[in-house]
Amino acid sequence: MRFVFAPPAEAATGLLSLPWDQPLEEWTDSRMVEMRQRGISRHVVRFVAEDGEVYALKEIHENLARREYRLLRELQDLQVPAVEVLGVAVDRANDLDAVLVTRFLEYSVSYRALFSNMRGDRPVDKLLDSMVELLVRLHLAGFFWGDCSLSNTLFRMDAGALAAYLVDAETAELHQSLSDGQRHYDVELARERVGGELFDLDAGGLLPFIVEPVAVADELVLRYEALWDELNREEVMRTDEQRYRIAERLRKLEDLGFDVDEVELISVGEGNKLRLKTRVAEPGHYRRLLFSRTGLDVQENQARRLWGDMASFRGYLEQKEHRPIAEAIAANRWLSEVYDPIIEAIPDELRGRLDPAEVFHEILEHRWFLSETAGHDVGTTAAARSYFASVLPAVPEQLTSGDAASVVPVADLYAPVESPTV
């Protein structure tokens, strides 16, 4: 057996002692774990806990495994949301298929769990928006998925929104760019697969009655076309207005999470036609900013929310101490006086149910709710106590089960949250 991986990958050495000479479905190693509400796969997929992390192992033909390994690495280089590939085991004994090894996406949730345990407002809208954004990002990068489906996507909570990640690239192709025909074909495949998966959920009694499979699948296409048009449409503007109109357009694209690679102005009559070449933005402006100030590595929307709270705390300090406070100092004090105490206060029995940054975000939301009800600001500490008592317990335990259940918290099931009584 040979294990091919991209360094650095220290975890690869720990995985070498697994029983690679046996079919994956027959493994009984104590490190094997089971995941709740796991997605459906056409191949044998098992999970292993090693050195504090969980890995997904998929047994497939060697040619497919090598191809998917290469494509997932290229997606990582392109900074497109996808699972992180660790390596691929090939040349196994007894002519066994290869095994592709990826890092399990912590705090991720499958579509089956999302639909059967809807949590928060507009869960279907959030799911569609996240899938559409992922598909657009892939297409801008020249990536033809070929099998865009709910089963091949994982979702993570990101400050109340959802972020979608590609988890299967068996049928994918990477090109310099995609033609309109390739894009439309990929989107049509996505529509058919999403509709079919929702009908399967409906047949199993897992789909809420308010969700209509055909309407949801058709809406995915409409939202894709709307986002693609926003990113790539051409518009004519007068010469005297083009400067602020271009700046306005660029800001809007930036807010959507995309960058402009090239701006082209084409003379047409009394004005100019604006044509933009859009590309996937280098992800995580607020994520990088927050990490540089605090060392917290979180999702982009979470980082934006935490950065806003930190800025508010800085303003409070300046008002209280009647002097300007440097950003770096404010960040350190916010971390030690606000964020860390809240996260440390999470009851032991409730840890691991949600990403710590998501817990902090929800506490900020809960604080707003309680303050609106009370008619005054209740403060973060009081909001946290109420949240830990009445909201977080409604989220079920979402850890792996088995001998290694306590190794790493993994969330893949969200339950409805009832508003607390004040």
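**Close-up 1. Salt bridges of R31 in the predicted model**. The side chains of E50 and R31 form a salt bridge with an N to O distance of 3.1 Å. E50 belongs to strand 3 (residues 44-50), whereas R31 is in the loop between helix 1 (11-15) and strand 2 (32-33), so the pair ties together parts that are 19 residues apart in sequence. Both E50 and R31 are buried, R31 having a relative accessible area of 16%. R31 also forms a salt bridge with D29, with the closest N and O atoms 2.9 Å apart.

**Close-up 2. Salt bridge between R193 and D147**. The closest N and O atoms of this pair are 2.7 Å apart. Because R193 lies in helix 5 (residues 180-203) and D147 in the loop between strand 8 (143-144) and strand 9 (153-158), the pair ties together parts that are 46 residues apart in sequence. R193 counts as partly exposed at 29% relative accessibility, while D147, at 5%, counts as buried.

**Close-up 3. Crossing of helix 11 and helix 12**. The axes of helix 11 (residues 356-374) and helix 12 (residues 380-390) come within 8 Å and cross at roughly 105 degrees, which makes helix 11 roughly perpendicular to helix 12. Contact residues include V359, I363 and L370 of helix 11 and A383, Y387 and F388 of helix 12. By class, the contact has 7 nonpolar, 4 polar and 2 charged residues.

**Close-up 4. Crossing of helix 9 and helix 11**. The axes of helix 9 (residues 300-321) and helix 11 come within 10 Å and cross at roughly 55 degrees, so helix 9 is oblique to helix 11. The crossing of helix 9 and helix 11 is left-handed.

Note on methods:
Residues numbered from 1 in each chain as written. Predicted model: local features only at pLDDT ≥ 70, side-chain atom pairs only at ≥ 80, totals over all residues. Heavy atoms only, no water. Axes fitted to C-alpha atoms, helices over the stretch in contact; angles between N-to-C directions. Helix = DSSP H or I, 4+ residues; strand = E, 2+ residues; numbered from the N terminus. Parallel < 35°, antiparallel > 145°, perpendicular 65-115°, else oblique. Contact = heavy atoms within 4.5 Å. Nonpolar A, V, L, I, M, F, W, Y, C, P; charged D, E, K, R; others polar. Left-handed = near helix turned anticlockwise from the far one by under 90°. Salt bridge = Lys/Arg side-chain N within 4 Å of Asp/Glu carboxyl O. Buried < 20%, exposed > 50% of the residue type's maximum accessible area, 1.4 Å probe, protein only.
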